[in-house]
Amino acid sequence: VQVVRSGGAAPAPLQAVDGVIRFSSAELPDLLLVPPAHQSGRLSFDWHALATEANGDAAIAVARAEITVRAVADAPSAVAVAPVLPSLREGASVSLGSLILQADAGDGLIDADGSELLRLEITMPDAMRVSHTAEPAWMPLSIVSGNGLRTVVVSAADVGQLQLVDRGVGPVDGVNLMITRISRELSNGEQARSAATGLQLPVARNARPATLTRLTPTGLVEDGAPVALSSLVQVQPAHAGDNISYRLEGLSSGLTLVDAQGQIQTPLPGQNHLALSSLEGYALHPTADRAGSFALDLQVISTPPGGGDAATTTQRLSFSVAAVADRPSLQLPSLPQQPVELELNGWLDLAGLDPALSSGDRDGSEQLALIIGANDADGQPQALPPQARFNVPASQLDDGRWLIPQAGLVDLRLYLGEIGEDLALVLTPRASEGSSRQEGDPVTLTVAANAVVRVPLLEVSGELQGLEDALIPLFSQLGGVIAATPRGNGAGQT
C-alpha cells in the first residue's frame, strides 16, 4: 500500500520509516491511498493521530481502518503463436497446445492475487470442433456458430489436453484461427479480453482421385510404331499441387513397355508392376507379327503436398492393332526338271511337288493360299485353258486366276487334258490377315504340251453341184459338202 500526494505529472509516494508513514493534518486533503496493483480484497491499517502542545505535551489516539478493494478484471496479455506450426491432416486432429505458447493455466494473466481465471476464446471454421483427449463427454464452456464460423470458449487449464478436429474443412491448404485470452474475476464474474491473435493453421489435405479420359489412338498396325502411353489416356489431377505417379500391371501377353531409347522396362525384383513418374517418353510395343487387342491396367496415384493421404484411380486401357499380312513364300522342294509332263489322263499332280507356304506370322492369325494362273509366250497373264479343272475347292479371282486355300495343297491336282503348246503356270503365294493382302514371289512352272496328232474326220454331206461358169465351193464352211474336223479337242492339230 502506498500513500501519494495528488497533483503533478508523477505523484511521488510518501516514504515509510520502520513501516510507518508520517504526514501532517495540513497534508491530509491532498493525500491518496493506493492499494497494491492487480490485487483485490480487504486492506487494514492503523491510524495514529498525534496532538502536540506548545509545552511539548503529546496525546495519541489509535483507530483501526479497513478498506475493501473491489475486484476488477485485468486484460491478459495476447496469445503468442508457436514459432513452428504443425499441420492439421485432413480428417484428423492437432493439439491446441502445439499451436500457442501457454505454459500453464495462469500464463498471460496480469492479476497477482489469484482472483482471476484464464479462458481462451477460439474462432475457427464451422467444420472444425474442439475435443478433449481424456474426457469424451467434455464440452466447451460456450459455443456460438454463424456465418460459417464457430467460436468456442475453453478453460486455459485444459489447453494441454485439447485438440482441434477436422470434420470436413475440405481440400484446403490452410484454415484461419483467431485466439483471444479472457480473464474472469472469480468474485463477480467480470471479464477482460486480450487483443486477438490470428494464425493460419496449415492443412495437409488429402488428395482426390485424378480424372482419367480414355483416348482412342488410330493408325495402329502390326509391326508399326510403338503405341505411346500418352496416346491412350489423358490424366487431369484434381488439384494442381498434386504429384502424379503411375503403376502399370496386367500387360497382355506379347506386350512390352519401352522407354524413349527403345529399352524394355521390367519390374523391380519382387514386384509385378512397373512404376513410372510420367507417361511421356514411354510406349507399348507389341511383339513382332502380332495383331489384335491388347490391354493393361493403369493406376494413377495422386500424392498431395504436406503429408496428406494419397488417392488412386485405376483404368483398364485397351487398344487394337490392325493386322498386316506378312510377305509369304512358296517352296517346291520336289520340283522335277522342267518342263513337267501331264499324266496320261491329262492331270497334273501339283501335290507331288510338295508345295509349302510360309510367312513371318507368329500368332497364327494369317491365312495362306496359293494362286494359280498362266502366262503367254510374252510373259503376259492369260486364262487357263477352258477345260482346266481342280480337284479341290478353288475360287476364281477377278483377274482370272484361281485361289486354292493352304489346306487344299495336300491333294492338289489340276486337269488340263490335252494342250497343244507348253503352258507356263504361275504359282503365287498369298497371305491374308483381316483386310490386308500380301503376295509373295511367284514361281513359274512349265507344263509340256501333250497333244497327239490323229487322223481327222472327213464327212461328205451330199453330191457336189454347181452352175456353169461359176465357182463351186468344196468345204462346208463355204457352203460346200465336205467337212473335215480333228479328233478329240483338236489340241495341237490344224
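Let me begin with a word we will need: a residue is called buried when its relative accessible area is under 20%, exposed when that value is over 50%, and partly exposed in between. What we have on the screen is a predicted model, and I would like to walk through a few of its places with that word in mind.

Is Ser432 buried or exposed? Its relative accessibility is 12%, and because that value is under 20%, Ser432 counts as buried. If we set aside the neighbours within four places in sequence, Ser432 is in contact with Ala325, Ser365, Glu366, Gln367 and Arg437.

In general terms, nonpolar side chains in soluble globular proteins tend to be buried together. In this model the largest nonpolar core has 29 residues, and those with the most contacts inside it are Leu348, Ile372, Leu412, Leu425 and Val447. Strand S34, together with strand S28 (367–375) and strand S36 (443–447), belongs to the strands that each supply at least two residues of this core. Taking Leu348 as one of these residues, and not counting residues up to four places away in sequence, we find that Leu348 touches Val340, Glu341, Leu342, Leu412, Arg413, Leu414, Leu425, Leu445 and Val447.

Let me turn next to the surface, where Leu464, Ile472, Leu474, Phe475 and Leu478 make a nonpolar patch of about 480 Å². One of these, Ile472, is found in the loop between strand S37 (457–460) and strand S38 (482–485), and with a relative accessible area of 39% Ile472 is partly exposed.

Now to the aromatic rings, of which the structure holds three pairs. How are the rings of Phe390 and Trp402 placed? Their centres are 5.9 Å apart and their planes are at 50°, so this pair is described as tilted. As for accessibility, Phe390 counts as buried at 16%, whereas Trp402, at 24%, counts as partly exposed.

A few points about the backbone follow. Gln338 and Pro339 are joined by a cis peptide bond, with omega at about 0°, and Pro339 has its place in the loop between strand S25 (329–331) and strand S26 (347–349). Asn147 is a residue other than glycine with a positive phi, near 55°; it lies in the loop between strand S9 (142–146) and strand S10 (149–155), and at 84% relative accessibility Asn147 counts as exposed. Asp354 also has a positive phi near 55°, and Asp354 is found in the loop between S26 and strand S27 (356–358), where it is partly exposed with a relative accessible area of 41%.

I will finish with Ser145, which has its place in strand S9 and counts as partly exposed at 45% relative accessibility. Which residues does Ser145 touch, if those up to four places away in sequence are not counted? They are Asp126 and Arg150. Ser145 and Thr123, in turn, are 22 residues apart in sequence and 9.4 Å apart in space, taken from C-alpha to C-alpha.

Methods. Residues numbered from 1 in each chain as written. Predicted model: local features only at pLDDT ≥ 70, side-chain atom pairs only at ≥ 80, totals over all residues. Heavy atoms only, no water. Buried < 20%, exposed > 50% of the residue type's maximum accessible area, 1.4 Å probe, protein only. Contact = heavy atoms within 4.5 Å. Core = buried A, V, L, I, M, F, W, Y, C linked by side-chain atoms within 4.5 Å. Helix = DSSP H or I, 4+ residues; strand = E, 2+ residues; numbered from the N terminus. Patch = residues over 30% accessible without salt bridge, like charges linked within 9 Å, V, L, I, M, F, W, Y side chains within 5 Å. Areas by Shrake-Rupley, 256 points an atom, 1.4 Å probe, with all protein chains shown as cover. Salt bridge = Lys/Arg side-chain N within 4 Å of Asp/Glu carboxyl O. Phe/Tyr/Trp six-rings, centres within 6.5 Å; stacked < 30°, edge-to-face > 60°.
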